Amino acid sequence: MTQDHYFEREPATPEKRRRITARIGDRDLTFSTANGVFSADGLDHATALLLRTFEPPAGARRLLDLGCGWGPIAITLALAVPEARIDAVDSNDRALRLCRDNAAEHGVADRVITLRPDQADPSVRYDELWSNPPIRIGKEAVHALLSTWLPRLAPDGAARLVVGRNLGADSLQRWLVEQGYRCDRVASAKGFRVFAVSRPAR
């Protein structure tokens with residue numbers, strides 16, 4: 001039996017879509033999800049915690065949802081910050097299609113731009129990066145991922161990350177500090193840590 005992994009470029013099994021409703025902030029939002037993407041059955045606890053912990057940044061112009069999946073973070077940010085463009089990045093093409101369709105359903109397709117990592121402009125600087133990182137790709141791969149994207153923050157930009165405690169949240173925090181970033185734990189719930197990360201002082 002073939003098993004899909006959400007970090008594969010194109011899941012092997014045929015796509016079977018479903019509809020889910022997620023409570024985000026003070027409203028219920030409906031999305032399409034499918035097999036072969038992360039958290040296909042609904043909004044996962046970690047992402048829900050991340051969205052509860054931080055307010056979308058009013059006045060931001062460029063935001064990044066790293067590992068966007070079917071789009072709950074990117075679409076929430078787009079709805080809350082109407083002047084912002086959100087780059088929704090994922091390595092899974094099925095997830096990108098879902099995110100694009102969900103953005104269209106919620107009327108923000110013109111500002112939620114779905115991209116594979118290699119399609120993103122490396123010269124862009126983001127006001128904020130939001131992510132529930134794909135920890136299961138392995139520690140070295142996660143470090144490489146963050147080493148690629150955190151330098152793309154604007155000078156006063158910040159990253160908002162959520163990581164499971166049993167998936168190495170505390171060691172990731174130490175590693176970020178060792179790289180010269182400020183990394184503050186700002187919330188914990190249901191076994192997850194939420195971090196606010198800022199660029200090194202120059």
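Q: Leaving aside its neighbours within four places in sequence, which residues is D41 in contact with?

A: Contact means heavy atoms within 4.5 Å. By that rule, and with neighbours within four places in sequence left aside, D41 touches R18 and I20. Do keep in mind that this is a predicted model, where local features need pLDDT of at least 70, side-chain atom pairs count only at pLDDT 80 or more, and totals for chains, interfaces and linings use all residues. Residues are numbered from 1 along each chain as its sequence is written, and side-chain values use heavy atoms, without hydrogens and water.

Q: What does the side chain of D41 make with the side chain of R18?

A: A polar contact is a pair of N or O atoms within 3.5 Å; within protein, one must be able to donate a hydrogen and the other to accept it, and residues adjacent in sequence count only if both atoms are side-chain atoms. Here the D41 and R18 side chains make one at 2.4 Å.

Q: Is D41 buried or exposed?

A: Buried means under 20% relative accessible area, exposed over 50%, and partly exposed in between (1.4 Å probe, protein chains only). D41 counts as exposed because its relative accessible area is 66%.

Q: Where is D41 found?

A: Helices (H or I, at least four residues) and strands (E, at least two) are DSSP runs, numbered from the N terminus. D41 sits in the loop between β2 (27–34) and α1.

Q: Which residues in α1 are buried?

A: In this helix, residues 45–53, they are A46, T47, A48, L49, L50 and L51. Their packing partners include β1 (17–24) and α2 (72–80).
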